Amino acid sequence: MPQQNHAQTVSLQDATVLDEVRAQAAKELGVDVAEVSETTVLKELPGADSVRLLRVVAQIERVYDVEFEDEDIFAVRTPRELTDLVLAQARTEA
């Protein structure tokens, strides 16, 4: 039986991706997920710095098996924008 890639089993529904982005940001920054809304500016969260935010992006890339361009990564400010980037990248690769 072929082994399934985790990314293949993850639904790319908007709300699911947004929840994952919020959860990864909260986990990396050590804040409650309730503090991370879709419009929260990530770099304004407690403990946020460029290294930690890049870790969030890297984790999202692994979860959804996508790869972002550097200029796209640095343009992302909120969980909503990162979610939109994941969905756009997934459509491009489909």
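Colleague: In which helix does Q89 lie?

Modeller: Q89 lies in helix α5, residues 79-93. Helices here are DSSP runs of H or I with at least four residues, strands are E runs of at least two, and both are numbered from the N terminus. This is a predicted model: local features need pLDDT of at least 70, side-chain atom pairs count only at pLDDT 80 or more, and totals for chains, interfaces and linings use all residues. Residues are numbered from 1 along each chain as its sequence is written, and side-chain values use heavy atoms, with hydrogens and water left out.

Colleague: Is Q89 buried or exposed?

Modeller: Buried means under 20% relative accessible area, exposed over 50%, partly exposed in between (1.4 Å probe, protein chains only). Q89 has 18% relative accessibility, so Q89 counts as buried.

Colleague: Which residues does Q89 touch, not counting those up to four places away in sequence?

Modeller: A contact means heavy atoms within 4.5 Å. Q89 touches V66, E67 and F68, leaving out residues up to four places away in sequence. The Q89 side chain also reaches the backbone oxygen of E67 at 3.4 Å. Y64 is 25 residues from Q89 along the chain, and their C-alpha atoms are separated by 9.6 Å.

Colleague: Now Q24. What joins the side chains of Q24 and E20?

Modeller: A polar contact is a pair of N or O atoms within 3.5 Å; within protein, one must be able to donate a hydrogen and the other to accept it, and residues adjacent in sequence count only if both atoms are side-chain atoms. The side chains of Q24 and E20 make one at 2.8 Å. Q24 lies in helix α2. Q24 counts as buried because its relative accessibility is 12%. Beyond residues up to four places away in sequence, Q24 touches V56, Q59 and I60.

Colleague: Where is confidence lowest, and where is it highest?

Modeller: pLDDT is the predictor's confidence in each residue, from 0 to 100. Helix α1 (residues 6-9) is lowest, at a mean of 44, and helix α2 (residues 14-29) is highest, at 96. Over residues 1-10 the pLDDT is below 50, and this stretch has 8 contacts in the model beyond near neighbours in sequence. The chain averages 88, with 87% of the residues scoring at least 70.
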